[in-house]
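Please look through the sequence and the 3D structure below, and then read the report that follows, which takes one part of the chain at a time.

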Amino acid sequence: MSHALGHRLREGSFPAPSETRKTGVLIIGGGISGLSAAWKLAKSAVDDFLVLEMESEPGGNSRAGQSPLVAYPWGAHYLPLPTSESTLVRELLSELKVLQGDPTAQKPTYDERYLCATPQERVYRNGLWEEGLLPQRGLDAGEREQQQRFHERMDELKRAKGSDGRRLFAIPMELSSRDSEWRQLDKIPFSQWLTENGFTAPSLHWLANYATRDDYGMAHTETSAWAGLHYFACRNGEAANAASDTVLTAPEGNAWLMRGLAASAAGRIVTGAMVWRIEEGKQIVTVDALLGTKTVRFEARQIIWAAPVFILPRVWPAMPGELRSAALAGDYSPWLTANLHLADFPEERHGAPASWDNVFYDSPGLGYVTATHQLIRRHLSGTVFTYYRALHDVTPAEGRRLLLETPREAWAEGILAELERVHPNIRQLTTRLDIFRNAHAMRRPVPGSIWYDHGNKGWPQGQRQKLAGFYNQRIALAHADLSGFSLFEEAQYRGVVAAQRVIQARRQ
Ligand SMILES: Cc1cc2nc3c(=O)[nH]c(=O)nc-3n(C[C@H](O)[C@H](O)[C@H](O)COP(=O)(O)OP(=O)(O)OC[C@H]3O[C@@H](n4cnc5c(N)ncnc54)[C@H](O)[C@@H]3O)c2cc1C
């Protein structure tokens, strides 16, 4: 949420409505979840819906920028190969002709333009680039043995099923086993699970910490072990024409997926429309949105809230108390992304060659992805690097304060100094450096937040499940927040489930 708009929402001084529009279903939020709800409605022949998005374009965390040279991501940048449970992802990829042939095949063929070209990733450690993500150089036999055992354990967990016959860790997460023995892992931090299972090697703890910073914006010492294991054990997708750890990507990150979904809502997305009030009546829901300087009142038979759940209590004064507590129970990771436009490819340090994802072992930032990587056969005179940093080493509130109060120039200087370690001449080549500060980027899966409710009467049913289960025939919720962590598959699933609830209610 842009800072100015967020501030306005808290202040609450808005003009009275000057116009009323009517629609069947109103979707609030034009990120992946809202657009997925629209995609499902359109496919189900529901055509009286609108999407309200407060920014000037849809996409939320999956938006992209465009330079004369290449498009580049502002947030989400890849999609792993879909698993067997990810049927909605397969359906979308098949529609977009990126998945070719039978969408239910165990090893589908994918359009090569979207399969990440090799080399996919490298890591910079002790002055040298190493191929892959997990460092190998200079490690003793004991550490290598632990790495091997960790991989084997994760492979076992990928296949393992709970007492209910479901995979322990599925994506979407809602389809995971409810076996209590495994859900208990939600009560401890991921770092504790690793240590208790004999995984003490520093490189393994680094990998786990990198994974939770990358996907959840937080340290592995603060992440639920269930969520940490989900990262490593849920992905079992395969391809006929690529290795199973290959990701699907494009210069613009995940914006191509977002546009694929948005196409089904063509002409129905209203941008620059910030919802500031929701009131539920007996027959309709009244929604007031700021469009430019005026308020437009929308009257809908049903609404789908596809914006972050922490905003909902601010705009829905009569929100039921239990739901309000659940929405406010979690916190969000603050993130900073930067796009550096470079006049040429920068000087390299020794070791593994430039890759799509270039990870830093010992650095505040996670590293950067290269927008031109997929355009490998074209001759380009420059590139764009997208740099990622989760503010994981301070509390979320402190991170938000730092994001807002640290001047842009100071962030830019810090990023250039960090990148200079690996590309000595990057400063001279940078023609433009844009920074995006996202104060509430993604819901934090802290211990207890996925299946329990930390610290509340000895782990009763979780607040997250209350959000995921809520539907009152008029108001449905749909945001990755309902999964407790933010991923494309989760946002898409939540959007489709909300649309299905709405469609079901229309039929009654
Ligand atoms: C830096 C970063 C990197 C990421 N990388 C990846 C990745 O590589 N792969 C991956 O799968 N996921 C990634 N993610 C996760 C990403 O969040 C999800 O993939 C997905 O985009 C979330 O979609 P969503 O609809 O749940 O939420 P959002 O993207 O939060 O969408 C919510 C929308 O609601 C709008 N909105 C909010 N309030 C209002 C209001 N009052 N009125 C109207 N509109 C409103 C917002 O502007 C926004 O467009 C990343 C996230 C971040 C922050």
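## Where the ligand lies

In this predicted model, the ligand lies between domain 1 (3-56 + 272-329 + 447-507) and domain 2 (64-76 + 332-443), because both domains give residues to the shell around the ligand. Of the 39 residues around the ligand, the ones that come nearest are Gly29, Gly31, Gly60, Asn61 and Ala76. When the residues of this shell are sorted by class, 22 are nonpolar, 15 are polar and two are charged.

Several helices and strands take part in the shell, and at least two residues come from each of helix 2 (32-43), strand 2 (49-53), strand 12 (273-280), strand 15, strand 19 and helix 16 (488-507). Two of these elements, helix 2 and strand 15, are described in turn below.

## Helix 2, a covered helix

Helix 2 is made of 12 residues, and the distance from its first C-alpha to its last is 16 Å, which is close to the 16 Å expected at 1.5 Å a residue. Is this helix enclosed by the rest of the structure or open? Helix 2 is largely enclosed, because 10 of its 12 residues are buried; a residue is called buried here if 20 or more other C-beta atoms lie within 10 Å of its own. The buried residues are Ile32, Ser33, Gly34, Leu35, Ser36, Ala37, Ala38, Trp39, Lys40 and Leu41, and what covers them includes strand 1 (17-28), strand 2, helix 9 (255-262), strand 14 (294-305) and helix 16.

Just after helix 2 comes Ala45, which takes a positive phi of about 65° although Ala45 is not a glycine. Ala45 is placed in the loop between helix 2 and strand 2, and it counts as exposed because it has 7 C-beta neighbours inside 10 Å.

## Strand 15 and its two partners

Strand 15 (residues 332-342) is mostly covered, with 11 of its 11 residues buried. The covering applies to both faces of the strand: Tyr332, Pro334, Leu336, Ala338, Leu340 and Leu342 are buried on one side, while Ser333, Trp335, Thr337, Asn339 and His341 are buried on the other.

Strand 15 pairs in the antiparallel sense with strand 19 (residues 430-443), over 10 bridges, and in this pairing Ala338 stands opposite Ile435. Strand 15 also pairs with strand 18 (residues 383-390), again in the antiparallel sense, over eight bridges, and here Trp335 stands opposite Ala390.

## Strand 14 and its neighbours

Strand 14, which is among the elements covering helix 2, pairs with strand 1 in the parallel sense over 10 bridges, and the bridge partner of Ile27 in strand 14 is Ile304. Strand 14 is also paired in the parallel sense with strand 20 (residues 475-477), over three bridges, where Ile304 stands opposite Ala476.

Strand 13 (residues 285-291) runs antiparallel to strand 14 and is joined to it by seven bridges, with Val287 standing opposite Phe298. These two strands form a hairpin with two residues between them, and Gly292 in the turn has a positive phi of about 65°.

## How domain 1 meets domain 3

The chain is divided into domain 1 (3-56 + 272-329 + 447-507), domain 2 (64-76 + 332-443) and domain 3 (79-115 + 121-245). The C-alpha centres of domain 1 and domain 3 lie 30 Å apart, and the contact between these two domains takes 17 residues from domain 1 and 18 residues from domain 3. On the side of domain 1 that touches domain 3, helix 16 gives the most, with six residues, and by class this side has 11 nonpolar, four polar and two charged residues.

Lys97 has a phi near 65°, which is a positive value in a residue other than glycine. This residue lies in the loop between helix 3 (87-95) and strand 6 (99-100), and Lys97 counts as exposed because it has 9 C-beta neighbours inside 10 Å.

How values were computed:
Residues are numbered from 1 along each chain as its sequence is written. This is a predicted model: local features need pLDDT of at least 70, side-chain atom pairs count only at pLDDT 80 or more; totals for chains, interfaces and linings use all residues. Helices (H or I, at least four residues) and strands (E, at least two) are DSSP runs, numbered from the N terminus. Two strands pair if DSSP finds at least two bridges between them. A residue is near a molecule or strand if its C-beta atom, placed from the backbone, lies within 6 Å of it. Ala, Val, Leu, Ile, Met, Phe, Trp, Tyr, Cys and Pro count as nonpolar, Asp, Glu, Lys and Arg as charged, and the others, Gly among them, as polar. Domain bounds come from an automatic or database domain assignment. The expected span of a helix is 1.5 Å times one less than its number of residues. Two residues are in contact if their C-beta atoms, placed from the backbone, lie within 7 Å.
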